[in-house]
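I opened the model today and went through it element by element. My notes follow in the order I looked things up.

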Amino acid sequence: MKYLLLVLAVLLSFGFVVLFKPKNKANFKLLLAFSGAFLLALTLFELFPKAYVNSNAKIIGVFIMLGILLQIFLEFFSKGAEHGHIHMNEEKTLFPWLLFVSLSVHAFLEGFPVQENDTIMYGILVHKVPIAIILGIFLLGSKIRMVYALLFIGLFALMTPLGSFFATNVDFVSPYLSYINAVVIGVFLHISTVILFESSEGHTFNIRKLLVIVLGIVIAYLL
């Protein structure tokens, strides 16, 4: 059921774009702000405490920093798609391999803490919805053939369940799971904080965005 929900979050979001054809990505900024706050809060409430249990604190800290650096590196190729930005040449008709690989690595890593922590799955689900919508807007608005767009979305939807499957069923991963989860914490910290910083355009006060951010934090605390 977990795997199905993770796949459906992406496919249904893409289906929404196909059916309703939203043009303005700015309309989803409130949802992005909520998802960033929700994911950040769940990372701090759920993943952070478990990462340091029976582990060397400094070593875990190193892997968290590696996760932040890894996400920065991936964004050189994804152009920030993980937090709602896609700055690509929409005249291209070829399959966007760099975008696909970088997003797939990100999505694959997301799956590792899911099996041990049901709550974090909700954070990933909420994070995937606006990203899949914005990604769908880009794919359908570009010159990419529909079969390539469907292939992209289908494979991308499978990456997080695949990461969760690896964490649970591949024996050689188990001894390193705490370190991989620390890397994922770093990835989540970078993405969620960037979303929150970018949600305040021009550093102007926006009561609606503040409210959805507080709402995301409160819901994460109550789960």
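I started just past helix H1. Lysine 21 follows H1 and has a positive phi, near 50 degrees. I note that the model is a predicted one.

**Overall make-up**

I counted elements next. The protein has eight helices and zero strands. Read from the N terminus, the order is α-α-α-α-α-α-α-α. I then looked up burial: 49% of the 223 residues are buried. For contacts with a separation of 6 or more, I found that 83% are between residues 24 or more positions apart. The accessible surface is about 11300 Å². Carbon and sulfur atoms hold 71% of that surface.

**Helix H1**

I went back to H1, residues 2-20. Its 19 residues reach 27 Å from first C-alpha to last, close to the 27 Å expected at 1.5 Å a residue. Where is the kink in H1? I found it centred on leucine 8, at about 25 degrees. I listed the buried residues of H1 as Leu6, Val7, Ala9, Val10, Ser13, Phe14 and Val17. Their cover includes helix H5 (118-141) and helix H6 (146-169).

**Helix H2**

I took H2 next, residues 29-51. It has 23 residues and reaches 31 Å between its first and last C-alpha, close to the expected 33 Å. I found a bend of about 35 degrees at threonine 43.

**Helix H3**

I checked the span of H3, residues 57-78. Its 22 residues should span 32 Å at 1.5 Å a residue, and the end C-alpha atoms lie 31 Å apart, so the two values agree.

Which residues of H3 are buried? I noted Ile60, Ile64, Gly67, Ile68, Gln71, Leu74, Glu75 and Ser78. They cover an arc of only 130 degrees around the axis, and therefore sit on the same side of H3. Lys58, Leu69 and Phe76 are exposed on the other side of H3. I then asked what covers the buried residues of H3. The answer includes H2, helix H4 (97-110) and helix H7 (177-198).

I finished with the two ends of H3. At its start, a side-chain oxygen of asparagine 56 comes to within 3.0 Å of the backbone nitrogen of lysine 58. After H3 comes lysine 79, with a positive phi near 60 degrees.

Methods:
Residues numbered from 1 in each chain as written. Predicted model: local features only at pLDDT ≥ 70, side-chain atom pairs only at ≥ 80, totals over all residues. Heavy atoms only, no water. Helix = DSSP H or I, 4+ residues; strand = E, 2+ residues; numbered from the N terminus. Expected span 1.5 Å × (residues − 1). Bend = angle between axes of the 7 residues up to and from the residue. Buried < 20%, exposed > 50% of the residue type's maximum accessible area, 1.4 Å probe, protein only. Contact = heavy atoms within 4.5 Å. Arc of directions from axis to C-beta. Polar contact = N/O pair within 3.5 Å; in protein donor to acceptor, adjacent residues only side chain to side chain. Areas by Shrake-Rupley, 256 points an atom, 1.4 Å probe, with all protein chains shown as cover.
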